[in-house]
Amino acid sequence: MGVDGRKQTFDILQKNINKTDKTIWFHCASLGEYEQGLPVFEKLRQEYSQYKIILSFFSPSGYEIRKNTKVADLVVYLPLDTKSNAKRFIDIVHPEFTVFVKYDIWANLLLELKNQNRRAILISAVFRKNQIYFKGYGNLQKSALFAFEHIFVQDENSKTLLNNINYNSVKVSGDTRYDRVSNQLNQDNKLDFISEFKGNSTCIVIGSSWEEDEALLIPYINDNASESLKFIIAPHEVNTSHINAISSKLTPVTVLFSEKEGKNLEDYNVFIIDTIGLLTKIYSDADIAYVGGAMGKTGLHNILEPAVFGAPLIIGKNYKKFPEAFAMIEKAGVISVEDKTGLKTILNSLITSHQLRDSLGKKNAAFIKENKGAVVQIMNHIRI
């Protein structure tokens, strides 16, 4: 999809952007970065409504899901980062302001922005000392960072790394995702079919799970699911083969989202969500949440989404690249487990102790509230 989509990018841009248009360009690697940047995008859309906004994605997972987003006038695939593509792209888009999110830093595009004296910032960035920017052989990538007039980072370590290469226009503003998930509290998150399924039971929501997560969880579900303890599984991959692989290993009565019509959902003990776009709202009904990705090596998914609703959280063991996980294990209500034994121990404790669930959940909700505010700092910098 990405290869074919990139072939159409320049045609789409040329047909929809005039030389007289005032434009703002947002770029995200994928869906996760889009969600991270969204509260800033929404503010810019609101405050600079006279501008035409172009949103680019590198990954199909972002483009396909958000190609009709209301925060942009045009959504395109980012062309491959060659010098000729970069010049052509910037010449057509001619952005008066550009926002990159987190880490998708393309040297030729950024250097072309700098060459044309066009403004750009990077938001919610996280840097690690093993990255190429901080190596002796990373001069091209390092120079790309200096195309940003300002970089907003999530933590002090990232600021220090930038200062060490003499990039000083940097501010620790935190993670815009805290603002993003906080906004979720202002929306209607009720899903009638989830309420019907849950009833008065204790409900464990398993979000964005991968095979490594499911290998731990399914045995526990098979041993413990009941009318009073129900499980919702929303896997990261919702293709038929993966859904069938999960279903075939489950022994409790199970229903799929795609097959729920006409069924008494309260009669089932496991609910598999074989579609996308519902998980954020489903987390609002979680008494306990497990967030996937960190039991294997695919990367921990968003733990802030269930945390904002005051749910205690369980994650896997591979969370070292995720500063929010470190902080919330230390200061809030996130617990990391290593194996089936650890999972069983903590789940049994949370299930049997409403007081423990409540305590950890409140810590998570408070942590989100304390850490929001990045959007205000970023918007205070932007003056177009």
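## Worked exercises on a predicted model

Serine 208 counts as buried, at 12% relative accessibility. Buried means under 20% relative accessible area, exposed means over 50%, and partly exposed lies in between (1.4 Å probe, protein chains only). The model is predicted, so local features need pLDDT of at least 70 and side-chain atom pairs count only at pLDDT 80 or more, while totals for chains, interfaces and linings use all residues. Residues are numbered from 1 along each chain as its sequence is written, and side-chain values use heavy atoms, with hydrogens and water left out.

**Exercise 1. Which residue forms a salt bridge with arginine 66, and where do the two partners lie?**

Step 1. A salt bridge needs a side-chain nitrogen of Lys or Arg within 4 Å of a carboxyl oxygen of Asp or Glu. Side chains of opposite charge can pair when their charged atoms come close.

Step 2. Name the partner. Arginine 66 bridges to glutamate 35, with 3.0 Å between the closest N and O atoms.

Step 3. Arginine 66 is in helix 3 (residues 60–66) and glutamate 35 is in helix 2 (residues 31–47). The pair links distant parts of the chain, 31 residues apart.

Step 4. Check accessibility. Arginine 66 is partly exposed at 25%. Glutamate 35 is buried at 15%.

**Exercise 2. How far apart in sequence are glutamate 324 and arginine 177, and are they buried or exposed?**

Step 1. Confirm the bridge. Glutamate 324 and arginine 177 form a salt bridge at 3.0 Å, N to O.

Step 2. Locate the pair. Glutamate 324 is in helix 14 (residues 323–331) and arginine 177 is in helix 8 (residues 177–184), so the bridge ties together parts 147 residues apart in sequence.

Step 3. Check accessibility. Both glutamate 324 and arginine 177 are buried.

**Exercise 3. Describe the salt bridge of lysine 362.**

Step 1. Name the partner. Aspartate 358 bridges to lysine 362, with the closest N and O atoms 3.3 Å apart.

Step 2. Find the spacing. Lysine 362 and aspartate 358 are four residues apart in helix 16 (residues 354–371), so about one helical turn separates them.

Step 3. Check accessibility. Lysine 362 is exposed at 55%. Aspartate 358 is partly exposed at 33%.

Step 4. Turn to shared partners. The search of the whole structure finds 13 salt bridges.

**Exercise 4. Which residues touch the most other members of the largest nonpolar core?**

Step 1. A nonpolar core is a set of buried Ala, Val, Leu, Ile, Met, Phe, Trp, Tyr and Cys residues joined through side-chain atoms within 4.5 Å.

Step 2. Pick out the members. The largest core has 40 residues, and Ile232, Phe271, Ile273, Leu300 and Ile303 touch the most other members. Helix 9 (residues 192–198) gives the largest share, three residues.

Step 3. Find the other core. Apart from it lies another core of 36 residues, including Leu78, Ile90, Phe100 and Ile105.

**Exercise 5. Is phenylalanine 26 buried or exposed, and which residues is it in contact with?**

Step 1. Phenylalanine 26 is in strand 1, residues 23–28.

Step 2. Check accessibility. Phenylalanine 26 is buried, with a relative accessible area of 0%.

Step 3. List the contacts (heavy atoms within 4.5 Å). Setting aside neighbours within four places in sequence, phenylalanine 26 contacts Phe41, Leu44, Ile53, Ile54, Leu55, Ser56, Val71 and Val99.

Definitions and conventions: Helices (H or I, at least four residues) and strands (E, at least two) are DSSP runs, numbered from the N terminus.
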